[in-house]
Amino acid sequence: EPIVIVYAFMFKFAERAGLPFLPWAACACCWASGFLLVLCAANACDLIRHFTRFSGELFGMLIAVLFMQQAFVGSIDEFEDAEGALTQAWQLFGGVFSLVLCLTFVFACMLLSGARHWRFFFGWARSFLADYAAPFCLVVFTAVSFAVRGGRVPSSIPKRIDVPNFLESSWLESGYLTAARLGEIPPESAAAAAVPGLIIAVLFYFDHSVSSQLAQTRDLGVVKPPAFHWDLLWISLVTLLFGLVGLPPVNGVLPQAPLHTKALLAKEKEVREQQGAGAGAFGGSRSPMMGSPLKAKDSEADLARLDEESPGPGGGATVASPLESLGAKGSTECLSARAEGNSSPGVGAAWGAKSGCGAFFRKTLSMHVEKAQTQLPPVRVYEQRWSNLIQACLTFALLFLAPVLRLVPTSLLWGFFAVMSLQSLPGSQFWDRLKLLVTDPKKRYTLLEEGDHSVYLESCPFPTIVLFTALQLALLAGIWGVTVFAGVAGICFPILIMGLVPLRLYAFPLLF
């Protein structure tokens, strides 16, 4: 999405200046390749450690917003008839039908992506639906779109993707000879191409750094050593090659790279043995099952069940779960009360029932919750490059499948953009904090009950979270506004994104 926006701005400028676009874009790619080569040789990737989650998640959110924006704009365009052959009534019908297809496609994809947690179907079927929800729904809803064909319904309802045959492409006629046309560019225009070249280089450097971080975060457990400099060198060479053959450079790694790593996570989770004074609260010795691996389908309810089945001091008789003995199963406040009550169920229950421990959490999220972590992150990532290679080969094969692609309604394309946007949100602390801001104050404490909540919710004052998130949201809105509404000047949006790094390092510590 970012390089598409940059190329759109470059095309507008070349059109106004009367320059042949592909040769001038090739000059920009040559400049970008040179800048990237300098960054690589200068060991600039070592500065990745200064790229915090603040700037990375803001950039990821910008990509998600741009994807969702394209989904909205495309869906609105479904109500227009480009050829003017439809009556107003048929335009309305076509737009509504396309909108229904788009929305049901998005709903089905998001529903099937969580199929692993279903209780019906076999495990392999649930895994297939979860892993291939989007292509499965694409095939199904493409077939559904033909339900309105025939009779008096115009053949242009719904609109379908217009893809030219690869063998008839203008690129095969002259595009691949772009390097031979560089002489058509005046020297001053070739020098001016350094501006978009610098912007592309900054964009790729930031995009590469952020995506590498998000795909190799500590909690994902990737063990193979990173090769940031070699990757940047490869990007430099690919940018040069693609520019000279009349193709746009490619570095689309968000949100695909983090999603790829998450798809390769092992499906097992481990149970950490309870530490400290937990045995007293559990009414005796620990269950022999504690510490054994659990399947991913096992939940905190299963762990509570294990606690209930723990042998008690009365010779093997089961005792009630400590959470139930506190009167609020799964309640973080009462877990904290138990910790402060020296692991005494009676003291914790009395404090939780009489003094209203939930009221404290409704006012602030700054209290440390001494709850033992029971589930660890997945223990392994199946690191390989086969899926990337197969993806590239399938993309190349699609060039020769234009007749098949022309069967797909454009509304499903907009729906797929929306799905990509929505699937990039889970795991983003920025997104979690945005949801926190619109959460009912009486329900904020429930966020601490989630086993995968962020640690800062237990220690950071709520007003600080609000101010930090509001500033991040304002910066996101500003960069998005420049990108969309600033005209040709919007090409500078990668520079604004890169400016988030020093802003976070030097300006924000003055506030926080």
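The crossing of α3 with α23 is right-handed; that is, the near helix is turned clockwise from the far one by less than a right angle. This is a predicted model, so local features need pLDDT of at least 70, side-chain atom pairs count only at pLDDT 80 or more, and totals for chains, interfaces and linings use all residues. Residues are numbered from 1 along each chain as its sequence is written, and side-chain values use heavy atoms, without hydrogens or water.

Stay with that pair. Helix α23 spans residues 462-485. Helices here are DSSP runs (H or I, at least four residues), numbered from the N terminus. The axes of α3 and α23 come within 10 Å and cross at roughly 50 degrees. Axes are lines fitted to C-alpha atoms over the stretch in contact, and angles run from 0 to 180 degrees between N-to-C directions. The two helices are therefore oblique to each other. Oblique is what remains after under 35 degrees (roughly parallel), over 145 (roughly antiparallel) and 65 to 115 (roughly perpendicular).

Who touches whom? From α3, the contact includes F54, L58, M61 and Q69; from α23, it includes F468, Q472 and W480. Contact means heavy atoms within 4.5 Å. The residues divide into twelve nonpolar, two polar and one charged. Ala, Val, Leu, Ile, Met, Phe, Trp, Tyr, Cys and Pro count as nonpolar, Asp, Glu, Lys and Arg as charged, the others, Gly among them, as polar.

Next pair. Helix α2 (residues 21-41) packs on helix α9 (residues 194-215) at about 50 degrees, axes 7 Å apart. That makes α2 oblique to α9. This crossing is right-handed too. Among the residues in contact are W24, W31 and F35 in α2, and P196, F204 and Y205 in α9. The count is 14 nonpolar, one polar and no charged.

Now the backbone. Most residues other than glycine have a negative phi, and most peptide bonds are trans. P158 lies in the loop between α6 (133-145) and α7 (170-173).

P158 also takes us to a pocket. The second largest pocket has a volume of about 350 Å³. Of its 19 lining residues, the closest to its centre are E83, S156, P158, K159 and R160. By class, the lining has six nonpolar, five polar and eight charged residues.

Notes:
1 Å grid on protein atoms, 1.4 Å probe; cavity = no way out; pocket = protein on both sides within 12 Å on 5 of 7 lines; lining within 4 Å. Points joined across faces, edges and corners; volume = space filled by probe spheres on them.
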